[in-house]
Amino acid sequence: RDFEMVTISADSPGKKDQVLSFLKKNQASCTNFLFNSENKYQLIEAVDKEWPGSIPYTLLVAPGGEIRYRSLRMIDPLELKMTIVGYPGRYYE
């Protein structure tokens, strides 16, 4: 299945070294970004207007941009996996 995971750190740009250290420590192998602004409201507006601003925040976005999952807490891997597998048009071969 085609699937891409992307993370965006909302930490201040000055914390780049700490963010990189955290990603390495946790063996993050997906695409990772550090938001390049102190204005977190710009990030919230760009990502999801329904995001209340709390962190962590997780979205599952389907092809075409439809948001299929939102979480205002640490993700439940099984819950997220079931959401991905249950997406219409997805199936096991």
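Predicted model: local features only at pLDDT ≥ 70, side-chain atom pairs only at ≥ 80, totals over all residues.
1. Overall fold. The protein chain contains 3 helices and 4 strands, and their order along the sequence is β-α-β-α-β-β-α. Taken along the principal axes, a box of roughly 45 × 30 × 20 Å holds the C-alpha atoms of the protein chain.

2. Burial and contact range. Of the 93 residues in the protein chain, 22% are buried. Where contacts join residues at least 6 apart in sequence, 36% of them link residues at least 24 apart.

3. The β3–β4 hairpin. Strand β4 (residues 67–71) pairs with β3 in the antiparallel sense, over 4 bridges. Within this pairing, Leu 59 has Arg 70 of β4 as its bridge partner. The hairpin has 5 residues between the strands, and Gly 64 there takes a positive phi near 95°.

4. Leu 60. This residue belongs to strand β3, which spans residues 58–61. Is Leu 60 buried or exposed? Its relative accessible area is 12%, under the 20% cut-off, and Leu 60 is therefore classed as buried. Beyond its neighbours within four places in sequence, Leu 60 is in contact with Phe 3, with Glu 66, Ile 67, Arg 68 and Tyr 69, and with Leu 80, Thr 83 and Ile 84. As for Ser 71, which lies 11 residues from Leu 60 in sequence, the C-alpha to C-alpha distance between the two is 9.1 Å.

5. Nonpolar core. Which residues form the largest nonpolar core? The set has 6 members, namely Ala 10, Phe 35, Leu 43, Ile 44, Trp 51 and Tyr 57. Trp 51, with neighbours within four places in sequence left aside, is in contact with Leu 43, Ile 44 and Tyr 57. As a general background, nonpolar side chains in soluble globular proteins tend to be buried together.

6. Largest pocket. The volume of the largest pocket is about 1,600 Å³. Two or more lining residues come from each of β1 (6–9), α1 (16–25), β2 (31–34), α2 (40–47), β3 and α3 (77–85). In total, 44 residues line the largest pocket, and those nearest its centre are Met 5, Val 6, Thr 7, Tyr 57 and Thr 58.

7. How many residues of the lining of the largest pocket are nonpolar, polar and charged? The lining divides into 28 nonpolar residues, 8 polar residues and 8 charged residues.

Definitions and conventions:
Residues numbered from 1 in each chain as written. Heavy atoms only, no water. Buried < 20%, exposed > 50% of the residue type's maximum accessible area, 1.4 Å probe, protein only. Contact = heavy atoms within 4.5 Å. 1 Å grid on protein atoms, 1.4 Å probe; cavity = no way out; pocket = protein on both sides within 12 Å on 5 of 7 lines; lining within 4 Å. Points joined across faces, edges and corners; volume = space filled by probe spheres on them. Nonpolar A, V, L, I, M, F, W, Y, C, P; charged D, E, K, R; others polar. Pairing = 2+ DSSP bridges. Core = buried A, V, L, I, M, F, W, Y, C linked by side-chain atoms within 4.5 Å.
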